[in-house]
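Dear colleague,

Please find below the sequence and the structure for your records. A summary of what was found follows directly after them.

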Amino acid sequence: MVTTPSRGRTHRTTLALGALVLMMLGGCGGSGTSNSAVETSEAQATDAATASAVRCSDMATASAQALARINALRAVARQCGSTAVPAATALLWNASLASAAQAHASDMATRDYFAHTSPEGSTMISRAQQAGYASSQVAENIGAGYGTLEAALQGWLASAGHCANLMSTTYQDVALACATSSTAQYGSYWVLMLGRR
């Protein structure tokens, strides 16, 4: 699987090839278990199970499931690489970011490339603005080869840069899209976009 995060105008690209790291979301510490901790853990397990069933081809109609899973992941403090990151507030789904994310995922799948910048030089900021998102404060995670929404999200959480983007309190909006191609190198191309208006 391949993933690469990028923030704002800085294009730090990290390619991570190898086995997918599966992470289990456990309950928060403490020596006892309260009903709310059990309910939270059960809700997270349900969100994860739902996300595991969402394949790339389902994403056009799965925005509610994607948003619920992203917000469930943000609700839990975690380690992003060597940095402890607190829980973050819920994000809102943004149609303009969704349009930009889908356009980029489709472009990568159709033309068989994997990068934040298109061959013509289109960037996440220009794509977001072209789709109607009136801000240059955006971030983007891209991933390739993941079979499900949950696999893509877990791959990003296993990478410090992706995790930092996903957990950042800077952003208020989110969208996630995926496109497939039977002739492209990775088969599936995932794009997560975050923004602040």
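**Summary of findings**

The protein has six helices and seven strands, where helices (H or I, at least four residues) and strands (E, at least two) are DSSP runs numbered from the N terminus. This is a predicted model, in which local features need pLDDT of at least 70 and side-chain atom pairs count only at pLDDT 80 or more, while totals for chains, interfaces and linings use all residues. Residues are numbered from 1 along each chain as its sequence is written, and side-chain values use heavy atoms, with hydrogens and water left out.

Along the sequence, the elements follow the order β-α-α-β-β-β-α-α-β-α-α-β-β. Of the 197 residues, 46% count as buried (under 20% relative accessible area; exposed is over 50% and partly exposed in between, with a 1.4 Å probe and protein chains only).

Three aromatic pairs were counted; rings of Phe, Tyr and Trp (its six-membered ring) pair if their centres lie within 6.5 Å, and planes under 30 degrees apart count as stacked, over 60 as edge-to-face and the rest as tilted. Tyrosine 186 and tyrosine 189 form an edge-to-face pair, at 6.1 Å centre to centre and 70 degrees between the planes. Tyrosine 189 is buried at 0% relative accessibility, whereas tyrosine 186 is partly exposed at 27%. Phe114, Tyr186 and Tyr189 form one aromatic cluster.

Glycine 145 lies in the loop between β5 (138-144) and α5 (149-157) and is partly exposed, with 24% relative accessibility. The C-alpha atoms of glycine 145 and glutamine 185 are 8.5 Å apart in space, although the two residues are 40 apart in sequence.

With kind regards
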